[in-house]
Each structure stands twice: as C-alpha cells, then as structure tokens.
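Student: I have a structure to go through with you. Could we take it residue by residue, with the cut-offs stated as we go?
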Amino acid sequence: MYMNGSGSYLDVLLSSESFSDLISRFYIISKISEFDNNLLNEIKESQKNIQKKKQSIELKQKELLSLKAELTVKQNELKKANIEKQSYYDSINEDLVNTEKILEKEVEESNRIKEEIRTVTEKNFSSDQDNSKKHSEDRIKQESRQESKQESRQEVKQKSKQESGKRAAILKTSDTGYSPVITSPFGMRFHPILKTYKMHTGIDYAAPNGTPIYAMSDGKVIVSRYSNSYGNYVVIDHGDGISTLYSHNSSNLVSVGESVKAGQAVAEMGETGYATGPHVHFEVRINGEPVNPEPYVIIGD
Ligand SMILES: [Zn+2]
C-alpha cells in the first residue's frame with residue numbers, strides 16, 4: 001500500500017471521525033509505512049543481487065566467447081590436419097598403384113627374358129650342334145691319325161665340361177672392402193607396402209654405386225639393354241641351358257653377341273629401374289626359368 005507519499009497518509013488521518021479512530025488509523029499507517037520500508041529494502045537487496053548475477057553472467061559470457069574463439073582455432077587446425085592426412089593417404093595410394101604397376105612390368109619383363117633366352121639359346125644350340133658335328137668329324141680324322149695318343153674321347157668331353165663350368169665371383173671383396181650383403185633372398189617374399197607375397201626371382205646384393213659386377217662363368221652376352229623395371233641389365237648364356245642376369249646396373253660394360261670369360265667385368269652396380277638403393281639383382285635361369293642362384297653364385301674373392 002505504498003501510496004502517493006505522506007500527503008495521502010495526512011488525508012487519511014485528517015478524515016478521522018474520532019480520536020480513537022485517529023489512533024487506530026495512525027497505528028495502521030505506521031504499520032503500512034514500516035511494511036513499505038521493509039519492502040523497499042528487500043527490493044534494493046534484490047536489485048543488488050540481480051546486479052551481481054548480471055556481472056557474473058557477463059563474465060561467463062566473456063569466458064564462453066573466448067572458449068568459442070579457441071574452439072574455432074582448434075576446428076581450423078583439425079580441418080587442416082584432415083586435409084594433410086587425406087593428401088598423405090592419396091600419396092600412399094598413388095605409391096601403391098605405382099609399385100603394383102612396376103611389379104607387373106617386372107613380371108612382364110621377366111617372362112619376356114624367358115622367351116628371349118629360349119629363342120636365342122635354341123638358335124645357339126642348333127649352331128653349336130653344327131659346330132660340334134664338324135668338330136667331331138675333324139676329331140675322328142685327327143684321332144685316326146694319332147691313334148698312339150691315349151686320350152679318349154670321353155676324357156676330352158669331361159675336361160671341356162670342367163672348363164666351361166669354371167666359375168668366378170660376381171662381386172669381389174677387394175672392390176668393396178667387405179663381403180657384399182644379401183638384401184633380399186630368392187623366393188616368395190612379403191611385400192611391405194602391398195601386403196601380399198610376391199615371387200623374388202633372384203638374389204639382391206647391395207654395394208656402392210659403380211662396384212664392378214663380374215660374369216659368373218664363360219658365356220655369350222644375349223641381352224644388354226634398359227627396361228623400366230630391371231633398369232640396365234645384362235643376360236649371359238653359359239650353355240647347357242644355363243644363363244645369368246645382372247640388373248639395376250649404372251652401366252652395362254658388354255654388348256649383345258660378345259663372348260665373355262668367367263670373372264670378366266660385365267656391368268657396374270647402380271640403382272636403375274625399380275630399385276630403392278644401389279644393388280645387383282642377380283638371377284640364374286635354367287632354360288629361361290629363374291632358379292635359386294645360391295648353389296651357383298660366388299661372392300667375394
Ligand atoms: Zn631383386
């Protein structure tokens with residue numbers, strides 16, 4: 001009952017009908033006034049509280065705004081990281097596709113070599129037969145002339161076999177100062193990127209770029225070329241269906257048709273074609289088919 005100031009209270013008192021009425025009206029007014037004062041105080045107190053709450057809400061709002069700004073920064077960082085991650089995955093996928101393609105090319109090249117060896121050695125075999133036919137005819141004549149000599153035909157054959165089978169080291173310790181290490185053996189191997197087993201058709205020996213690579217035994221160069229997978233490589237036909245292959249060379253030192261001796265330098269080590277470092281991928285093939293070179297190869301002096 002907070003009315004129009006003390007003026008209204010005075011009106012109420014002046015309109016009293018008796019003294020006792022005045023007293024009772026005065027009492028009521030004083031009570032009302034007390035109540036009004038209390039109410040005013042409560043309102044003031046509430047206002048103070050509201051002010052405090054307002055300040056604390058404003059503070060919280062400021063904190064929220066700064067958190068929001070931080071969140072935006074973090075979101076942007078995350079977006080950037082996601083983009084980087086995606087491009088990394090893309091590059092890995094690209095690598096994977098390239099590696100797979102190169103390995104397919106390697107198999108293609110390997111099969112091509114097989115066919116080539118078969119064609120060339122068949123040709124050599126038939127011309128060898130012609131030669132040996134002539135040779136044996138000569139020998140028969142010679143033998144009939146030199147019957148006193150005890151050397152039988154069998155012994156001659158044995159001797160020549162031993163000579164053609166003479167083998168030399170394909171890598172020399174004296175060139176590298178240490179025995180070159182096998183970095184990948186012959187056989188099925190688990191491809192670390194493709195996560196599948198792939199056939200490894202030779203043995204890989206690592207040594208520095210330019211290390212000389214020597215012919216395993218006497219023979220004739222039937223391939224000396226470059227391919228995307230094998231890089232620069234040389235194939236030597238040793239007769240009896242045996243051929244050897246030396247690949248990823250920085251350079252080939254022999255050309256097709258050339259006769260080579262066991263231990264003659266035929267190439268220099270490199271990392272041409274599909275290679276992750278300088279090494280020689282050495283193959284032994286029987287009738288064009290790759291076999292484990294381990295029983296044949298000599299490493300070191
Ligand atoms: Zn290899």
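Tutor: Leaving aside its neighbours within four places in sequence, tyrosine 214 is in contact with Ala169, Ile170, Leu171, Lys172, Asp175, Tyr246, Gly263, Gln264, Ala265 and Val266. Contact means heavy atoms within 4.5 Å. This is a predicted model, in which local features need pLDDT of at least 70 and side-chain atom pairs count only at pLDDT 80 or more, while totals for chains, interfaces and linings use all residues. Residues are numbered from 1 along each chain as its sequence is written, and side-chain values use heavy atoms, with hydrogens and water left out.

Student: Where is tyrosine 214 placed, and is tyrosine 214 buried or exposed?
Tutor: Tyrosine 214 belongs to strand S5, residues 212-214. Strands are DSSP runs of E with at least two residues, numbered from the N terminus. Tyrosine 214 is buried because its relative accessible area is 9%, and buried means under 20%, exposed over 50% and partly exposed in between (1.4 Å probe, protein chains only).

Student: What separates the C-alpha atoms of tyrosine 214 and alanine 169?
Tutor: A distance of 6.8 Å separates them, although the two residues are 45 residues apart along the chain.

Student: Tyr246 was in that contact list. What does tyrosine 246 stand opposite?
Tutor: Tyrosine 246 stands opposite phenylalanine 282 in S12. Strand S12 (residues 279-286) and S8 run antiparallel and are joined by six bridges. Two strands pair if DSSP finds at least two bridges between them.

Student: How many residues of S8 are buried?
Tutor: Seven of the eight residues in strand S8 (residues 242-249) are buried, and the strand is mostly covered.

Student: Which residue is the bridge partner of isoleucine 236?
Tutor: The partner of isoleucine 236 is threonine 244 in S8. Strand S7 (residues 231-239) pairs with S8 in the antiparallel sense over six bridges. The hairpin of S7 and S8 has two residues between the strands, and aspartate 240 takes a positive phi near 55° there.

Student: Changing topic, which residues coordinate the zinc ion?
Tutor: His200 (NE2), Asp204 (OD) and His281 (ND1) coordinate the zinc ion at 2.0 to 2.2 Å. Donors are N, O and S atoms within 2.8 Å of the metal (3.2 Å for Na, K and Ca); water is not among the atoms, so sites may look incomplete.

Student: What spacing do the donors follow along the chain?
Tutor: The spacing is H-x3-D-x76-H. Histidine 200 and aspartate 204 are both buried.

Terms used:
Helix = DSSP H or I, 4+ residues; strand = E, 2+ residues; numbered from the N terminus.
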